[in-house]
Amino acid sequence: MKKFTFILLGAVSASFFAPMSSADINEALANICTIVKNDDKSELRKKLKNVQDDYNLRLGDYYTGVSCGGNSLIRYAMENSAVETGTYMIKRMGKGDLTQVEKDGLALRDWAQNNGYLDKVIGQELVARID
């Protein structure tokens, strides 16, 4: 009986302390682009909360690793006029994350200005947040 208990405890502790795989987080974020495009703030809030609860990660921790149509989540929200989800993400992210240069060498604000999104609601929220 003791041998069985040790084996069971070993299996449970190994699964508890096993490193999280990137496949799991990818599955958790699988439809985030669709949620942003559909401007479903409620669903986005649930998705971000689940990722935070399950993986102890905040939006800024994985933001740069998510690409929707070749753009970051906030850029994608701007392109799709997804005001609710775009402004929600801006409010959830730190100023440092919002001012970082993205893959194309442009910070979010510069990209928004170059593409005419800075005068839109999401762009105005971005400016208010980082200034």
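1. Of the 131 residues in this protein, 34% count as buried. The model is a predicted one. Its accessible surface comes to about 8,100 Å². Carbon and sulfur atoms own 51% of that surface.

2. The secondary structure is quickly listed: 10 helices and 0 strands. Along the sequence the pattern reads α-α-α-α-α-α-α-α-α-α. Contacts do reach across the chain. Among those with a separation of 6 or more, 62% join residues 24 or more positions apart.

3. Start with helix 4, residues 41-55. This helix has 15 residues. From its first C-alpha to its last, helix 4 reaches 21 Å, close to the 21 Å expected at 1.5 Å a residue. Just after helix 4 comes Asn-56, which takes a positive phi of about 55 degrees.

4. Which residues of helix 4 are buried? They are Leu-44, Lys-47, Leu-48, Val-51 and Tyr-55. Their arc around the axis is only 95 degrees, so they sit on the same side of helix 4. The general rule behind such spacing is simple: an α-helix has 3.6 residues a turn, so residues three or four places apart point the same way.

5. Helix 7 spans residues 83-92. Its buried residues are Thr-85, Gly-86, Thr-87, Tyr-88, Met-89 and Ile-90. What covers them? The cover includes helix 3 (32-37), helix 4, helix 5 (59-62), helix 6 (73-79), helix 8 (95-99) and helix 10 (121-130).

6. Look at Thr-85, which lies in helix 7. Is Thr-85 buried or exposed? Thr-85 is buried, because its relative accessible area is 0%, and buried means under 20%. Leaving aside neighbours within four places in sequence, Thr-85 is in contact with Ile-35, Val-36, Asp-39, Asp-40, Lys-41, Leu-44 and Ala-77. One of these, Leu-44, is also among the buried residues of helix 4.

7. Now the pairing of helix 7 with helix 10. Two packed helices are described by the angle between their axes and the distance between the axes. Here the axes come within 9 Å and cross at roughly 10 degrees. Angles under 35 degrees count as roughly parallel. Helix 7 and helix 10 are therefore roughly parallel to each other.

8. Which residues meet where helix 7 and helix 10 pack? From helix 7 come Val-83, Gly-86, Thr-87, Ile-90 and Lys-91. From helix 10 come Val-121, Ile-122, Glu-125, Leu-126 and Arg-129. Gly-86, Thr-87 and Ile-90 are also among the buried residues of helix 7.

Key:
Residues numbered from 1 in each chain as written. Predicted model: local features only at pLDDT ≥ 70, side-chain atom pairs only at ≥ 80, totals over all residues. Heavy atoms only, no water. Helix = DSSP H or I, 4+ residues; strand = E, 2+ residues; numbered from the N terminus. Expected span 1.5 Å × (residues − 1). Buried < 20%, exposed > 50% of the residue type's maximum accessible area, 1.4 Å probe, protein only. Arc of directions from axis to C-beta. Contact = heavy atoms within 4.5 Å. Areas by Shrake-Rupley, 256 points an atom, 1.4 Å probe, with all protein chains shown as cover. Axes fitted to C-alpha atoms, helices over the stretch in contact; angles between N-to-C directions. Parallel < 35°, antiparallel > 145°, perpendicular 65-115°, else oblique.
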